[in-house]
Amino acid sequence: QDPMASATLLREALELASGTTHARVLLNPADHAALGKQTERLANEFSRISQVEFIPDATISTGGCRVLTEQGEIDQRIEVQLERIVGELIGGNED
């Protein structure tokens, strides 16, 4: 629910996508609205690396995002991150 947390995830995802020429960032519409001018600042900050486009998408859960590039996808949705953590914990117990 904290827009700054969403901004942090966005920044991390954009840093991972920094080698691309175009990034489409899908955000929950409420996050998109809450972040407001911060999306413009992030787009400007990363514009020298790639073109960044922010798109409201109701299929993205609050607090997360997906970054689509020509090289692939960076999925920062909360539920996907939790699945990765559980997978690591379960996988770590098998060794």
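1. R11 is partly exposed, with a relative accessible area of 32%, where buried means under 20%, exposed over 50% and partly exposed in between, computed with a 1.4 Å probe on protein chains only. The side chain of R11 meets that of E45 in a salt bridge of 2.6 Å, N to O, a salt bridge being a side-chain nitrogen of Lys or Arg within 4 Å of a carboxyl oxygen of Asp or Glu. The two partners lie 34 residues apart, E45 in helix α3 and R11 in helix α1, and thus link distant parts of the chain. E45 is likewise partly exposed, at 31%.

2. This is a predicted model, in which local features need pLDDT of at least 70 and side-chain atom pairs count only at pLDDT 80 or more, while totals for chains, interfaces and linings use all residues. Residues are numbered from 1 along each chain as its sequence is written, and side-chain values use heavy atoms, with hydrogens and water left out. The chain averages a pLDDT of 84, with 88% of the residues scoring at least 70; pLDDT is the predictor's confidence in each residue, from 0 to 100. Confidence is lowest in helix α1 (residues 3-16), at a mean of 78, and highest in β3, at 92.

3. An open sheet of mixed pairing is formed by 4 strands in the order β2-β1-β3-β4; strands (E, at least two residues) and helices (H or I, at least four) are DSSP runs numbered from the N terminus, and two strands pair if DSSP finds at least two bridges between them. The edge strands, each pairing on one side only, are β2 (51-56) and β4 (72-75). Strands β1 (residues 22-27) and β3 (residues 65-69) run antiparallel and are joined by 5 bridges, with A23 standing opposite T69 in β3.

4. Helix α3 (residues 37-46) lies across β1 and β2, running at about 155° to β2; axes are lines fitted to C-alpha atoms, for helices over the stretch in contact, and angles run from 0 to 180 degrees between N-to-C directions.

5. R66, found in strand β3, counts as buried at 19% relative accessibility. The side chains of R66 and E73 meet in a salt bridge of 2.7 Å, N to O, and E73 counts as partly exposed at 42%. Not counting residues up to four places away in sequence, R66 touches several residues, including R24, I60, D75 and R77, contact meaning heavy atoms within 4.5 Å.

6. The whole structure holds 3 salt bridges, one of them between D75 and R77, whose closest N and O atoms are 2.6 Å apart. D75 counts as buried, at 12% relative accessibility.
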